[in-house]
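Hi,

Here is the model I promised to pass on. Have a look at it first, and my notes follow below.

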Amino acid sequence: MARGPKKHMKRITAPKSWMLSKLGGNWTIRPSQGPHKLRESIPLSVILQHKLKYALYARDATMILADKDGNIKVDGKVRTDSGYPVGLQDVITIDKTRENYRVLYDVQGKFILKSIKPEEAKFKLVKVTQKKVGPNNVPYIVTNDARTIRYPNPDIHVNDTLKIDLESGKVVEFLKEEPGNLCYIIGGNNIGRVGLIQHRERHLGSFDIVHVKDSNGKHFSTRINNIFTIGKGKKSLISLPEDNGLYLTALEKKQVKDQQQVEKQ
């Protein structure tokens, strides 16, 4: 029988989104308990080793994080736990190198670090997952990164997106999940894709389905839980990955590559 929480993770059971090699050893670091779920997050140690290449071994990553200077900040707060779970839309700041990154998915569902400007690193987007009334009739909402916000704007509902100022923790503005707005897919078969919301199919007793159209004119649909609104109209509030959230087939990738070679010549 298991006695207490698990503290180990084999590399073969680690989420595919971490992009760990199979031949790098038997074990990897297990994410600590935190604001994101285990399979929807990536530990700081893995980011320093495999994404930023600042550490060769886990011991090096631990030493970087344990430094008294507070080298690594996540959402504006110094983090020293090598297993701290970093998830979607989190902002990683490294003051010594003046680097800022936002954690996103690419169209293959892999975690990527998108380099952003200091102005953009001052805020993050979060999705509302719950809206309830607590003790003493205090209304509150819960976001996808486990924030609890009391007395929210009455117009904010589940599945809406909030823009939060990281220094004060206050809601700057909010985006409705409605047709015509730009959305980012955070789960399912279309993870990482970006497109405009077309319409929403309501299914009582089941999952509502949202139909989306990307900038290439391709249509796809997904569950409403996978929709993350990132902009009003066609303008995104955050910097998008290099692929701009566009899924290309193998043939389309070849055509783009051939066209780039022709342009170089």
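Starting with burial: 41% of the 265 residues in the chain are buried, where buried means under 20% relative accessible area, exposed over 50%, and partly exposed in between (1.4 Å probe, protein chains only). Before you go further, note that this is a predicted model, so local features need pLDDT of at least 70 and side-chain atom pairs count only at pLDDT 80 or more, while totals for chains, interfaces and linings use all residues. Residues are numbered from 1 along each chain as its sequence is written, and side-chain values use heavy atoms, with hydrogens and water left out.

**Overall**

The chain has 19 strands and 3 helices; these are DSSP runs numbered from the N terminus (helices are H or I, at least four residues; strands are E, at least two). Along the principal axes, the C-alpha atoms fill a box of roughly 70 × 50 × 45 Å.

Of the contacts (heavy atoms within 4.5 Å) with a separation of 6 or more, 47% join residues 24 or more positions apart. The chain exposes about 15,900 Å², and 51% of that comes from carbon and sulfur atoms; the areas are Shrake-Rupley values with a 1.4 Å probe, and for residues only the protein chains shown count as cover.

**What the record says**

- "Small ribosomal subunit protein eS4 central region" covers residues 97-171 in UniProt, a span with 0% helix, 49% strand and end C-alpha atoms 29 Å apart.

**Helix α1 and what follows**

Helix α1 (residues 44-51) is largely enclosed by the rest of the structure, because 6 of its 8 residues are buried. Those are Leu 44, Ser 45, Val 46, Ile 47, Leu 48 and Gln 49. Just after α1, Lys 53 takes a positive phi of about 60 degrees. Lys 53 sits in the loop between α1 and α2 (58-66), and is exposed with a relative accessible area of 62%.

**The β12-β13 loop**

Tyr 151 counts as exposed, at 55% relative accessibility. Asp 160 is placed in the loop between β12 (148-150) and β13 (161-165), but is buried at 3% relative accessible area. Leaving out residues up to four places away in sequence, Asp 160 touches Val 126, Lys 127, Val 128, Asp 155, Leu 175, Lys 176 and Glu 177.

**Arg 223**

Arg 223 is in strand β18 (residues 219-223) and counts as partly exposed at 41% relative accessibility. Beyond residues up to four places away in sequence, Arg 223 touches Phe 207, Asp 208 and Ile 209. The C-alpha atoms of Arg 223 and Arg 200, which are 23 residues apart along the chain, are separated by 9.5 Å.

Cheers

Notes:
UniProt positions renumbered as here; feature names shortened; annotations may be inferred.
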